[in-house]
Amino acid sequence: MVTRASTAITNAHVVPIEGEPYDGTVVLADGRISAVGRRAKPPRGADVIDAEGGWVLPGFVDAHTHVGVWGEGEGWSGQDTNEMTDPVTAQVRALDAIYPGDVGFTDALAGGITTVCVNPGSGNVIGGHCVAVHTYGRTVDEMVLRSPAGMKSALGENPKRVYGDQKKTPSTRLGTAAVLRESFVAAQNYQAKRAAAKKSKVPFDARDLKLEALAMVLDREIPWRQHSHRADDIATAIRIAEEFGYDLVIDHGTEAHLIADLIAERDIPVLIGPLIVSRSKVEVRNRSTVNPGLLARAGVEISIITDHPVCPIGHLVLQATLAVRDGLDRDTALRAITINPARVLGLDDRIGTLETGKLADLVVWSGDPLDVMQRARHVFIEGQQVYSHSEPAG
């Protein structure tokens, strides 16, 4: 984004996420937060926005969505989440299918969300590269924050249904786990051949995009994003991760609370959600807004996700509010939609808290965002105001 004049948000109740809230000012300059605090002053010539006592928080982060690749109400023409012609499509990238004009991005801004991770779907055992993007921009290239931000994989009902219906492997949970192991062994063999060529100082002429993508996971360049709802599927995810040695993130984790101690002792983050969704599959029958609190109290680092459009993206903060009602500590709830998902995406040095030097991605709320009667009034991404609420005419 282009360099802009500085902006000062005054008369604000600032919730920095790291540290205690305070009443003061936030100054934005050149796309970053240049000053924060009770005594921060607007620079000469700055655009001044009077928050009128409203709350200022970092832009929210939804670390598991399909915004831009799954157009709502568009049928097959807007459905680009799954390349369901092969159970292993590690080489595909969500980046290549994102439509910045998707109404989901507008809904995200209205919900105070400035960063999302866009994932391939869960129809394949290995779905492809995820990408972390801002929720505003003309082209996806100018929206990207990290690409790739992870590798999507799925256990449970979806891949076995998709390929079982095609009379192909995998048609069972056994087959799904076997496909994962076979893929990782192939990637290990690829790594060995590549390393041998480098050691011998000979050209490596056997490039394979699928195996290169998997090698990034084995080299711990990106995390493995494991779609898993049921406790047994989560246990399988842990088992295979320990066999092959990569960084595991549990996506959805509907029954993660049933083995929360095992997850906590391995320091595996859980992206829990969607929490507002029908029990349309057997594996989500234990879906509950109580579960985030159970996980957090067991010592698991949680992030709350919408899986948009499964749960509309604007309901991210509503899910956090309902989790607080059902036992989740409110500070943990705010961390679960800011710094925790930023950390999972490898972006915690740039977003997720209000600190000098971080990207000026922030939202001015009319009040406490965990109060359903409050709304996002002004949304900034890299210091540019990209959304402002206006009351309906008439």
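Okay, some ground rules. What you see is a predicted model, so local features need pLDDT of at least 70 and side-chain atom pairs count only at pLDDT 80 or more, while totals for chains, interfaces and linings use all residues. Residues are numbered from 1 along each chain as its sequence is written, and side-chain values use heavy atoms, with hydrogens and water left out.

Let's start with the annotation. An unreviewed UniProt entry lists residues 55–371 as "domain: Amidohydrolase-related". UniProt positions are given in the numbering used here, feature names are shortened, and annotations may be inferred rather than shown by experiment. In the model, that span is 34% helix and 18% strand, and its end C-alpha atoms lie 12 Å apart. When I say helix or strand, I mean DSSP runs numbered from the N terminus: H or I with at least four residues for helices, E with at least two for strands.

Now, helix 6. Residues 231–244 make up this helix, 14 residues in total. From first C-alpha to last it reaches 20 Å, close to the 20 Å expected at 1.5 Å a residue; that expected span is 1.5 Å times one less than the number of residues. Which of its residues are buried? They are Ala231, Asp233, Ile234, Thr236, Ala237, Ile238, Ile240, Ala241 and Phe244. Buried means under 20% relative accessible area, exposed means over 50%, and partly exposed is in between, using a 1.4 Å probe and protein chains only. The cover over those buried residues includes helix 4 (173–200), helix 5 (209–218), strand 10 (224–228), strand 11 (248–252) and helix 7 (260–265). Just past the end of helix 6, Gly245 has a positive phi of about 70°.

Is Thr115 buried or exposed? It counts as buried because its relative accessibility is 0%. Setting aside neighbours within four places in sequence, Thr115 is in contact (heavy atoms within 4.5 Å) with a list of residues including Phe60, Val61, Asp62, Thr135, Leu345 and Asp361.

You'll find Thr135 in the loop between strand 8 (126–134) and helix 2 (140–143). With a relative accessible area of 2%, Thr135 is buried. Not counting residues up to four places away in sequence, Thr135 touches Thr115, and also Phe105, Ala108, Met143 and Ile381, among others. Along the chain, Val125 is 10 residues from Thr135, and their C-alpha atoms are separated by 28 Å.

A cavity, on a 1 Å grid over the protein atoms alone, is a set of points where a 1.4 Å probe fits but cannot get out, and lining residues have an atom within 4 Å of a point. Points are joined across faces, edges and corners, and a volume is the space filled by probe spheres set on the points. The largest cavity holds about 40 Å³. Its lining is His252, Thr254, Ile272, Gly273, Pro274, Leu275, Arg287, Ser288 and Asn291.

Then we have Lys201, which isn't a glycine but has a positive phi of about 60°. Lys201 is in the loop between helix 4 and helix 5, and is exposed, at 77% relative accessible area. Arg220, not a glycine either, has a positive phi of about 60°. Its place is the loop between helix 5 and strand 10, where Arg220 is partly exposed, with a relative accessible area of 48%.

That's my tour, thanks!

How values were computed: On a 1 Å grid over the protein atoms alone, a cavity is a set of points where a 1.4 Å probe fits but cannot get out, and a pocket is an open set with protein on both sides within 12 Å along at least five of seven lines; lining residues have an atom within 4 Å of a point.
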